[in-house]
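This briefing is meant for a reader who is meeting the structure for the first time. Please look over the sequence and the model below before going on to the notes.

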Amino acid sequence: MTTYDISGEMGALKLAIFDFDGTLFPMDTLPFLMAEWRHEGRSLRRLLAVCASVGSLLVGYKLGIACGGSREMLHRVALQRVTRLFAGMNEAEVSAFLRRNAELMVPLLRPSVLAELRLAREQGYHTVLLSGTYETLMQHVGAIIGIDTAIGTALHYKNGTVDVERELDVVCGDDKAERLIAAFAGQPVDWAESIAYADSYSDLPVLRRVGHPVAVCPDPELAALLPQPGWRVIER
């Protein structure tokens, strides 16, 4: 771990930004949620339909195979299709399911990155969980581990239940940096003294936004750019 000098612009926030899938959580969220759906004894027919629609997308995303589109596109489509699991569920029911999953995920979080999170909190950083997965899930994870701000993909509701037909505004790729900036609009942020932790080449806009980027178990595309002056790498 590295101790940073967080003295800087008076009154400005120093952010410690954590990606989730592959960085803080060493797995992929969507397959985890689908497995837990089955473990809870929920609709097998619905799960099989979702598996059939997203299986090749998740494999392509994991292997970095775009199949005619970007990895970000694959993630957007996969998240939209997995959301069909929640058809007919109200906000409280979805939140309860995601809260139970958050409680199962937290013991699996990467110890090295959790240690960085604890140090950042001790040093007075404002901690941020920034992920393309469901914002409600990130809020539940964040509440357990002490995250100040959780940014993710919001679900839509219509007539009291999840609107599975409405397109999700998925947080991914270049959009992550834009969402981060928008979340702190009107608040002074000392970007030069902020830290970001991420594993993927698609997170470069966020990593390059801060003065202290940290690559965590970087994917091959990100690893190909390393080492870079001022960057740290966490290998496990």
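In this predicted model, helix α1 passes helix α4 in a right-handed crossing. The contact is made by residues of both helices, with Thr29, Phe32, Leu33, Glu36 and Trp37 coming from α1, and Phe97, Leu98, Asn101, Leu104 and Met105 coming from α4. The notes that follow describe this helix pair and then turn to the sheet.

**The crossing of α1 and α4**

- The residues that form the contact of α1 with α4 divide into seven nonpolar, two polar and one charged.
- Helix α1 covers residues 29–39 and helix α4 covers residues 91–105, and their axes come within 11 Å of each other, crossing at roughly 110 degrees.
- Because angles of 65 to 115 degrees count as roughly perpendicular, α1 is roughly perpendicular to α4.

**The sheet**

- Six strands make up an open sheet with parallel pairing, and their order is β3-β2-β1-β6-β7-β8.
- At the edges stand β3 (149–153) and β8 (232–234), each of which has a single partner strand, so one side of each is left without a neighbour in the sheet.
- On average, neighbouring strands of this sheet are turned by 20 degrees against each other, when direction is ignored.

**Within and across the sheet**

- Strand β6 (residues 195–198) and strand β7 (residues 212–216) run parallel and are joined by four bridges.
- Ala198 has Ala215 as its bridge partner in β7.
- Helix α6 (residues 135–145) lies across β2 (126–134) and β3, and α6 runs at about 145 degrees to β2.

Technical notes
Residues numbered from 1 in each chain as written. Predicted model: local features only at pLDDT ≥ 70, side-chain atom pairs only at ≥ 80, totals over all residues. Heavy atoms only, no water. Axes fitted to C-alpha atoms, helices over the stretch in contact; angles between N-to-C directions. Helix = DSSP H or I, 4+ residues; strand = E, 2+ residues; numbered from the N terminus. Parallel < 35°, antiparallel > 145°, perpendicular 65-115°, else oblique. Left-handed = near helix turned anticlockwise from the far one by under 90°. Contact = heavy atoms within 4.5 Å. Nonpolar A, V, L, I, M, F, W, Y, C, P; charged D, E, K, R; others polar. Pairing = 2+ DSSP bridges.
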